Every structure is written in structure tokens, then in C-alpha cells.
Amino acid sequence: MDTPHLRPVAGGRGDAAGVTSRRARGLLGGACLTGSGLLLTCLPLIDTPLPAIVLLMLGYGISVTVNTFANPAVAELVPPAQRAGILGVFSGLSVTAGIASPVITGWLLVRADTPAAGYTTAFLLSGTVLAVAGVLFALLVHPERDRHDPTRSDHVPA
């Protein structure tokens, strides 16, 4: 999902304009995740198909934009020699949701009294996890504080 209206804040132009990496990556990325989680938790309240589809698309669509904030933050924190490896591990871990989600949703559906109850539980669980992850992302991502500093005594050479 391309968000051209956010590029000046989230991208290099935001850095040049004096926007801190914490605001551009941590807070904005956390807001996207939290917002998508809230949208998904509202999904069981919608009974009309078209608005439900729009809410579903927005909820899951906005959640994946976190990669545009997380990858630059990780790249900013990791020494250049380890950057490719860490980003590869990070990408590998981030796709585990695509493996776990269908399994968890299937498990919830099998155990629910009705399919509607199972899907309600699945969307509430997914939305809650995304919203909590968004709050944690906003609180914990602070590249200026955590940036790699080769002058620190705990520096590991590449």
C-alpha cells in the first residue's frame, strides 16, 4: 500500500526537514499498527457486506505498512556489515504471521459454536494483537537512542 502523503514524514525528506527518526518511524509505524488493529476489532460490529469488506481491506492493508517503517529503523540500528543478514532474519520472522494466522483461525473456527462466532473471535484476536503491537512499536522504536555506536565498549567488530 503506497502512501505518498506520508513520504515527506516517513522517508528521507522527513529526515532532512528535521523530523526525528523516532517520530517518522516509531510513532507513525505504531499509529498505523494500532489503527489497523482498531479497525479489525470493529469488524464484528458491521453486518453489511460492503462496509465490512472495506474495513477488512483497510485493517489488514494498513497493518502491512509497518514494514516501511520497521525496515529503515532496523537498518539505522544495525552496523553496515550485519545489516543484510539482520534484515533477512527480520523479513523471515515477519512472514511467520502468514503461516500462523490460518492455523490459529482454523483452530478458532473448529472450536466455535458457529462460523460467525469463530470469525468474530479471530478478528478480535487479530485486531487486539495488532493494536498492542502498535503501542509497543510506538513505545520501543527509538533509533536515536538505540543507534549503533562503534565507540561503545560493547561494540562487536564486523
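The model is a predicted one, so local features need pLDDT of at least 70 and side-chain atom pairs count only at pLDDT 80 or more, while totals for chains, interfaces and linings use all residues. Residues are numbered from 1 along each chain as its sequence is written, and side-chain values use heavy atoms, with hydrogens and water left out.

The protein chain has nine helices and zero strands, helices being DSSP runs of H or I with at least four residues and strands being E runs of at least two, numbered from the N terminus. Along the sequence the pattern simply reads α-α-α-α-α-α-α-α-α. Of the 158 residues, 30% are buried (under 20% relative accessible area, with a 1.4 Å probe and protein chains only).

Next comes a helix pair. The axes of α3 (residues 21-42) and α5 (residues 66-77) come within 9 Å and cross at roughly 145°, where axes are lines fitted to C-alpha atoms over the stretch in contact and angles run from 0 to 180 degrees between N-to-C directions. On the α3 side, the contact (heavy atoms within 4.5 Å) is made by Ser 21, Ala 24, Arg 25, Leu 28, Gly 29, Cys 32 and Leu 33, and on the α5 side by Val 66, Phe 69, Pro 72, Ala 73 and Glu 76.

The largest nonpolar core has eleven residues, among them Leu 28, Cys 32, Leu 33, Val 66, Phe 69 and Phe 137. Such a core is a set of buried Ala, Val, Leu, Ile, Met, Phe, Trp, Tyr and Cys residues joined through side-chain atoms within 4.5 Å. Two or more residues each come from α3, α5 and α8 (115-140). Neighbours within four places in sequence aside, Phe 137 touches Arg 25, Gly 26, Gly 29, Gly 30, Leu 33, Val 66, Phe 69 and Ala 70.

Ser 36 sits in helix α3 and is buried, with a relative accessible area of 0%. Leaving out neighbours within four places in sequence, Ser 36 is in contact with Gly 59, Ile 62, Ser 63 and Leu 130. Val 78 lies in the loop between α5 and α6 (80-94) and is also buried, at 13% relative accessible area. From Val 78 to Asp 146 is 68 residues in sequence but 9.4 Å in space, C-alpha to C-alpha.

Terms used:
Buried means under 20% relative accessible area, exposed over 50%, partly exposed in between (1.4 Å probe, protein chains only).
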